[in-house]
Amino acid sequence: MATNRVVPGGPGPHPALVIGAEAYGPNEFSEGVQARLAELGYASVVPDYYHGEGPTKRESYDQFDEVIEHIGRLDFTRAARDLAAAIDDVRAMPDIDPRRVAVWGYCTGGTLAWLAACLRGDVAAAVLFFPSQPRFEELGPTTPVHPVDLLWQLTCPTLFIYGEEDLVMPPELLDDVRGRIDRWNVDAEVRTYPRAGHAFTAPWGDMRDDDADRNSWRDATAFLKLHTAAR
């Protein structure tokens with residue numbers, strides 16, 4: 001499985017992230033995220049959970065037919081395990097602090113980072129930008145459980161990030177998530193951004209929201225810094 005790796009300059013040991021790419025797979029956007037995080041001192045890897053068989057038009061933020069088709073075929077069980085396994089790969093990299101490895105993801109990759117955090121239980125934190133599948137359309141071999149039903153299994157500090165007008169996570173489902181967090185005493189919070197819909201960090205196109213992108217980056221990196229500070 002191909003993996004994009006970035007390591008910041010300067011002496012380690014560095015904190016690190018396993019990043020779940022949005023549904024287009026690793027692309028210029030995810031490379032830009034890695035570069036920005038490297039400036040903050042974070043190493044990162046972006047596994048190709050499509051295993052080379054993902055969308056061919058990875059920058060097409062105005063064309064969704066191909067990406068929707070690939071999401072429909074994605075084996076979420078295998079892909080979540082890919083991200084979970086990448087945590088060990090990162091910890092084996094030179095100059096990485098194994099105690100400060102977190103997960104971070106966008107869209108479908110946010111769902112996979114969520115599932116990987118539940119699978120592992122040993123990561124420093126999780127930052128999840130608008131996970132696209134809090135509930136699957138139906139359960140089956142490749143989607144065996146709704147991620148929202150695994151909230152109780154999150155054992156790391158977790159930040160969920162959504163736009164207030166995200167149709168994937170309408171107010172009633174947000175209320176349900178918050179209720180589960182409280183009921184199960186999960187170390188997690190949901191942060192929302194006004195007037196923003198789904199995938200508001202898209203580099204261009206109708207989904208993009210400049211304010212939400214800027215403010216969520218500030219909040220996400222502050223959360224990450226809090227939970228990956230050197231010990």
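In what follows, Ala, Val, Leu, Ile, Met, Phe, Trp, Tyr, Cys and Pro count as nonpolar, Asp, Glu, Lys and Arg as charged, and the others, Gly among them, as polar. The structure is a predicted model, in which local features need pLDDT of at least 70 and side-chain atom pairs count only at pLDDT 80 or more, while totals for chains, interfaces and linings use all residues. Residues are numbered from 1 along each chain as its sequence is written.

The largest pocket holds about 670 Å³ of space. A pocket here is an open set of points, on a 1 Å grid over the protein atoms alone, where a 1.4 Å probe fits, with protein on both sides within 12 Å along at least five of seven lines; lining residues have an atom within 4 Å of a point. Its volume is the space filled by probe spheres set on the points, which are joined across faces, edges and corners. The largest pocket is lined by 26 residues, and Ile68, Ile71, Gly72, Ser132 and Gln133 are the closest to its centre. Helix α2 (residues 65–73) contributes the most to this lining, with four residues; helices are DSSP runs of H or I with at least four residues, numbered from the N terminus. The lining comprises 16 nonpolar, six polar and four charged residues.

The second largest pocket has a volume of about 200 Å³. Among its 14 lining residues, Leu115, Leu119, Pro144, Val145 and Leu150 lie nearest its centre. The elements that give two or more residues to this lining are α3 (76–91) and α4 (107–120), and α3 gives the most, with four. By class, the lining of the second largest pocket has nine nonpolar, four polar and one charged.

Conventions. Heavy atoms only, no water.
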